[in-house]
Amino acid sequence: MNSSIKKIKSASHVNLVIVLILLFFSSNCFAQKELLWFGTYTDDNGKVHQGRYNIIKNGRALTKITLAPYGKSAMEFKIIQNDTIQRFVEISWPDKPNRIATLIQYTDGYYAGNFEDGTKILPIVIKAFNFQDAQLQGNWFKPSKIEVKIIENTIKLLDSKNNWNKNDNRVCESSSSYSLFCALYESSITIDGEYRHLRPAVKFVRDAIQEKYPKKYDHVLVDFNNAKEITLKDLHDILKLAKANLTKAIK
């Protein structure tokens, strides 16, 4: 009798373990991974901007599309329908339900279309990162005096503790305090009209952090800025090092 009970308990235990294993693998297999895509979008004034998107796919279908531009709050588009046979997805602008775009999938990982609301036609492109996106973000910009001015303006914006935001979330909406990223973001727009994430001014600051604190920070600009041990002097030392390295590169 006791041996039978033990066998039943043992079998139940094994079955429970199997169920837990199956649940673990099924949840991991079917978990949808968020992808970072790029492209362009057009604002109400007709100006084309770099597009930075958080995407979730289910097979060929795009189940989530969030516009997350550098320095600004993210906006999630509403998915109206996915047609994986004719290969298009229909979406609407977050706060404008009548502004609708039909994005055609031309190749795998490349969608393009126009937002239309009866008054405006605003093109949008969503795709995996490629050569053109690197160009848009300034990857091939050469070191120049403009880049030096961006760093100099960043130093001015971060001239005191009162102006320094130690809790960076990559959203740059304040005009009175700045994180390191937001100071670079604002300075890029002030000096050159647009923020470009891979331009030399930003790259040299990122490289200066890696030079002085090798492999310490994962998301270099944000983690360095938010680290408890980093002081305003440490921040200025990095900006001075970046400026010096950039000046050498120009010469």
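Trainee: Are Cys 172 and Cys 182 buried or exposed?
Mentor: Both Cys 172 and Cys 182 are buried. Buried means under 20% relative accessible area, exposed over 50%, and partly exposed in between, with a 1.4 Å probe and protein chains only. This is a predicted model, where local features need pLDDT of at least 70, side-chain atom pairs count only at pLDDT 80 or more, and totals for chains, interfaces and linings use all residues. Residues are numbered from 1 along each chain as its sequence is written, and side-chain values use heavy atoms, without hydrogens and water.

Trainee: How do you know that Cys 172 and Cys 182 form a disulfide?
Mentor: Their sulfur atoms lie 2.1 Å apart. The cut-off is within 2.5 Å, so the pair qualifies. The structure holds 1 disulfide.

Trainee: Why is Lys 149 called partly exposed?
Mentor: Its relative accessibility is 49%, so Lys 149 counts as partly exposed. Lys 149 lies in helix α3 (residues 145-157). Its C-alpha atom is 9.1 Å from that of Lys 243, 94 residues apart along the chain.

Trainee: What makes strand β3 largely enclosed?
Mentor: 5 of the 7 residues of β3 (residues 61-67) are buried, so the rest of the structure largely encloses the strand.

Trainee: How do you know that β2 and β3 pair?
Mentor: Pairing takes at least two DSSP bridges. Strand β2 (residues 48-58) and β3 have 6, in the antiparallel sense, so they pair. Lys 57 stands opposite Leu 62 in β3. The hairpin has 2 residues between the strands, and Gly 59 there takes a positive phi near 70°.

Trainee: Which strand do 2 bridges join to β3?
Mentor: Strand β4 (residues 75-76), antiparallel to β3. Leu 67 stands opposite Met 75 in β4.

Trainee: How many cavities of 30 Å³ or more does the structure hold?
Mentor: The count is 1. A cavity is a set of points on a 1 Å grid where a 1.4 Å probe fits but cannot get out. Residues lining it, with an atom within 4 Å of a point, include Arg 60, Asp 83, Phe 88 and Tyr 111.

How values were computed
Helices (H or I, at least four residues) and strands (E, at least two) are DSSP runs, numbered from the N terminus. On a 1 Å grid over the protein atoms alone, a cavity is a set of points where a 1.4 Å probe fits but cannot get out, and a pocket is an open set with protein on both sides within 12 Å along at least five of seven lines; lining residues have an atom within 4 Å of a point. Grid points are joined across faces, edges and corners, and a volume is the space filled by probe spheres set on the points.
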